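Subject: Structure handover

Hello,

I am passing a structure on to you. Please open it alongside this email.

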Amino acid sequence: MTMRYAAIVLSLLLGLSIAVPGLSQDDDDEKKKHFLYQWTDDKGVVHITDHLGKVPEKHRSKAKQLETTGPVEEDTAQAVTPFYPPAPEPVVDQEARKEEWQSRIAEWKGRLADAEERHDRLQKERDGLFAAWGSSALAPIAVRQRAGEIDRELERARKEIDEAKRMLTEVIPEEARKAGVPPGWLRE
């Protein structure tokens with residue numbers, strides 16, 4: 001912030017007229033000059049006072065003199081609290097959150113892989129049952145019963161595959177979006 005801008009803002013805040021270099025001034029304004037003193041304490045708080053004697057001695061050398069054109073009333077000292085942006089989440093917490101989301105993705109990818117592998121194995125077994133007989137109608141009852149069991153297991157495997165795909169492509173990404181999780185965390 002330039003000194004000129006700071007002086008204008010300060011004058012608006014304090015309801016004072018401030019002479020700013022570069023603006024036209026009359027000789028009368030020169031006679032009416034008064035000063036405010038701005039200094040910053042050890043905690044970063046900016047203070048403004050009407051007398052240099054009110055600035056603590058250790059901060060006087062760094063106090064800025066602000067020029068005004070009107071009289072300064074007694075006890076016009078002001079304290080302006082500086083703006084501190086919110087601290088970012090600690091890296092440890094971010095890493096823990098990232099690991100949590102990535103472990104959810106890994107778990108569902110593992111479930112999907114297991115269900116797909118089981119589905120493939122069952123499908124091969126079913127195909128092999130009827131290969132020797134040419135058709136299911138010619139197969140013995142025990143073979144047809146086993147084929148029925150395999151069909152039920154295949155259906156369960158298909159449902160598990162569908163559920164895992166839905167979790168990976170819809171549910172977890174939507175929950176992550178609502179939780180403010182960066183999309184990259186789910187792809188790593």
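Below is what was found, from the overall layout down to single side chains.

First, a caution: this is a predicted model.

**Layout.** The chain has 5 helices and 4 strands. Starting at the N terminus, the order is α-α-β-β-β-β-α-α-α. There are 188 residues, and 28% of them are buried. Take the contacts between residues at least 6 apart in sequence: 64% of these join residues at least 24 apart. The exposed surface comes to about 13,300 Å², with 53% of it from carbon and sulfur atoms.

**Cores.** The largest nonpolar core holds 15 residues. Trp101, Trp108, Ile172 and Leu186 touch the most other members. Helices H3, H4 (141–178) and H5 (183–187) each supply at least two residues of this core. H4 gives the most, with 7 residues. Look at Ile172 in particular. Leaving out residues up to four places away in sequence, Ile172 touches Trp101, Arg104, Ile105, Trp108, Met167 and Leu186. There is also a second, separate core of 8 residues. Leu122, Ala139, Val143 and Ala147 are among them.

**Helix H3.** This helix covers residues 91–131, and Lys98 is in it. Is Lys98 buried or exposed? Lys98 has a relative accessible area of 17%, so it counts as buried; the cut-off is under 20%.

**Rings.** The charged end of Arg111 sits over the ring of Trp108, 4.1 Å from the ring's centre. Aromatic pairs number 0 in the whole structure.

**Salt bridges.** The count is 12.

- Lys58 and Asp42 meet at 2.7 Å, N to O. This pair links distant parts of the chain, 16 residues apart. Lys58 is in the loop between strands E2 (46–49) and E3 (64–68), and Asp42 is in the loop between E1 (34–40) and E2. Lys58 is exposed at 60% relative accessibility, and Asp42 is exposed at 62%.
- Glu155 and Arg158 meet at 3.1 Å, N to O. Both lie in H4, 3 residues apart, about one turn of the helix. Glu155 is partly exposed at 37%, and Arg158 is partly exposed at 36%.
- Arg177 and Glu174 meet at 2.5 Å, N to O. Both lie in H4, again 3 residues apart. Arg177 is exposed at 55%, whereas Glu174 is partly exposed at 32%.

Salt bridges that share partners join Glu125, Arg146, Glu149 and Glu153.

Best wishes

How values were computed
Residues numbered from 1 in each chain as written. Predicted model: local features only at pLDDT ≥ 70, side-chain atom pairs only at ≥ 80, totals over all residues. Heavy atoms only, no water. Buried < 20%, exposed > 50% of the residue type's maximum accessible area, 1.4 Å probe, protein only. Contact = heavy atoms within 4.5 Å. Areas by Shrake-Rupley, 256 points an atom, 1.4 Å probe, with all protein chains shown as cover. Phe/Tyr/Trp six-rings, centres within 6.5 Å; stacked < 30°, edge-to-face > 60°. Lys NZ or Arg CZ within 6 Å of the ring centre and 35° of its normal. Core = buried A, V, L, I, M, F, W, Y, C linked by side-chain atoms within 4.5 Å. Salt bridge = Lys/Arg side-chain N within 4 Å of Asp/Glu carboxyl O.
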